[in-house]
Amino acid sequence: MAVMKSMGVVGSGQMGSGIAQLGIVHGIDVWLIDSDPNALARASKSISSNIQRLVSKGLLSQAAGSSALGRLRCTKSLEELHSADIIIEAIAESEDVKRKLFLELDKIAKSSAILASNTSSISITRLASVTGRPLQVIGMHFMNPPPIMKLVEVIRGADTSDETFNATKALAERMFSARRLLGVVLRGVDCITWMTSAQAEQITRTINPVVKNGKFGYGIGAWGTPPLATSGIYSLPYFPVCRL
Ligand SMILES: NC(=O)c1ccc[n+]([C@@H]2O[C@H](COP(=O)([O-])OP(=O)(O)OC[C@H]3O[C@@H](n4cnc5c(N)ncnc54)[C@H](O)[C@@H]3O)[C@@H](O)[C@H]2O)c1
C-alpha cells in the first residue's frame, strides 16, 4: 500500500480547515479548495495562527511549523486536485451539492485517487454511485474541531474495497499518530431504527466482520457525538474504526 503524499480538501470551513491542518502537520501536501475566496482567506489565517500557537507552546518546532505551512496551498480551482492521492470533501451537508461535487471530482482526480466524504449523515453508497470508482469512495467523518478531537470514523459504502479502507485507515492513523484501534460502539445498535435502511445496511456490513473476529470495544460513548455532529443522531452508530 503506497503512502499518501498529497491530499485535496474541498471546503475550507470549520471542518475542512481543521482536516487540512492535520494533513500538513503530518507531512502531507494539501490543496485546500473553496468556492468562496473569503472562506479560503479565513482558513489560511486560522491554520497559520494555530500552527504558530503549537510552535509557541513547544508542541511543534519552528522548522516543523514552517515546513507544515509550506505544504499548504489554497485555491479556488478544483483542477489542482488532479494529482492528489486522496480528496476529502467537507462542503455543505446537502446530498445534491455533494453529488455534483463527486461527479466533478471523479473527472478531475487521477484514477487511483480515493474520494472521501466528511458527511455526518449522507449515504456513502449513494455518493459513490455518481462516480465511476465506487470501490474508491469512503467516508471519513472527523469530529469538530479535527485537530483537537482525535477521532475519525471511517465509513465504508456498499462497494468500498478493502484496499481503499486500509489506505484510508492508515491515513487516519498517521494523522492522529494512532496508538490503538477499537471495535464496535455497542450501543450504536440501539440507534439503527432512526436510520435509513441504506445507513443501517452500511453499519451491518461494517460491524459483522468485526464481531465475527471477536474484536469488541467501546467508542466515545454511544451518546457522545450528537452535539458535535451537524446532523446528530445519524452519525452515532457508525462504526468508529479508529479511535486515536
Ligand atoms: N461542523 C461540525 O461540527 C461537523 C462535524 C462533523 C462533520 N461535519 C460535516 O462536515 C461538512 C462541512 O461542515 P462545516 O461545518 O465545515 O461547514 P462550513 O459551512 O463551515 O464549511 C463549508 C465550506 O464549503 C464551501 N463550499 C460549499 N460548496 C462548495 C463547493 N461546491 N465547492 C467548494 N467549496 C464549497 C463553503 O464556501 C464553506 O466555506 C458537512 O458535511 C458537515 O455535515 C461537520
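The legends below describe close-up views of a predicted model.

Residue numbers start at 1 in each chain and follow the sequence as written. Because the model is predicted, local features need pLDDT of at least 70 and side-chain atom pairs count only at pLDDT 80 or more, while totals for chains, interfaces and linings use all residues.

**View 1. Overall content of the protein.** The protein has 7 helices and 8 strands; helices (H or I, at least four residues) and strands (E, at least two) are DSSP runs, numbered from the N terminus. Of its 244 residues, 43% are buried. A residue is buried if 20 or more other C-beta atoms lie within 10 Å of its own, exposed if 12 or fewer, and partly exposed in between, with C-beta atoms placed from the backbone. Among contacts with a separation of 6 or more, 71% join residues 24 or more positions apart; two residues are in contact if their C-beta atoms, placed from the backbone, lie within 7 Å.

**View 2. The shell around the ligand.** The ligand is surrounded by 27 residues, and the closest are G11, G13, M15, A39 and N144. A residue is near a molecule or strand if its C-beta atom, placed from the backbone, lies within 6 Å of it. Two or more shell residues come from each of α1 (14-25), α4 (95-108) and β6 (137-142). Helix α1 gives the largest share, 3 residues. By type, the shell holds 12 nonpolar, 12 polar and 3 charged residues. Here Ala, Val, Leu, Ile, Met, Phe, Trp, Tyr, Cys and Pro count as nonpolar, Asp, Glu, Lys and Arg as charged, and the others, Gly among them, as polar. The ligand lies between domain 1 (6-175) and domain 2 (186-243), because both give residues to the shell. The domain bounds come from an automatic or database domain assignment.

**View 3. Helix α1 and its end.** The 12 residues of α1 should span 16 Å at 1.5 Å a residue, and its end C-alpha atoms are 17 Å apart, which agrees. The expected span of a helix is 1.5 Å times one less than its number of residues. Since 11 of its 12 residues are buried, α1 is largely enclosed by the rest of the structure. The buried residues of α1 include G16, I19, L22 and V25. Just after α1, G27 has a positive phi of about 80°.

**View 4. Surroundings of M15.** M15 lies in helix α1 and counts as buried because 23 other C-beta atoms lie within 10 Å. Apart from neighbours within four places in sequence, M15 is in contact with A90, N118, F142, N144 and P146. M15 and H141 are 126 residues apart along the chain, and their C-alpha atoms are separated by 9.7 Å.

**View 5. The cis peptide bond at P145.** The bond from N144 to P145 is cis, with omega near -5°. Most residues other than glycine have a negative phi, and most peptide bonds are trans. P145 is placed in the loop between β6 and β7 (151-156).

View 6. Two strands pair if DSSP finds at least two bridges between them. V10 has I33 as its bridge partner in β2 and E89 as its bridge partner in β4. Strand β2 (residues 29-33) pairs with β3 in the parallel sense over 4 bridges, and L72 of β3 is the bridge partner of V30. Strand β4 runs parallel to β5 (residues 114-117), joined by 4 bridges, and I86 has I114 as its partner in β5.

View 7. Strand β3 (residues 72-75) has L72 and C74 on a covered face and R73 and T75 on an uncovered one. In β4 both faces are covered, with I86 and I88 buried on one side and I87 and E89 buried on the other. Strand β1 is mostly covered, with 4 of its 5 residues buried.

**View 8. Surroundings of L81.** L81 is placed in the loop between β3 and β4 (86-89). L81 is buried because 24 other C-beta atoms lie within 10 Å. Leaving out neighbours within four places in sequence, the contacts of L81 are G8, W31, I33, I87, L105, I108 and A109. The C-alpha atoms of L81 and K110 are separated by 8.4 Å, the two residues being 29 apart along the chain.
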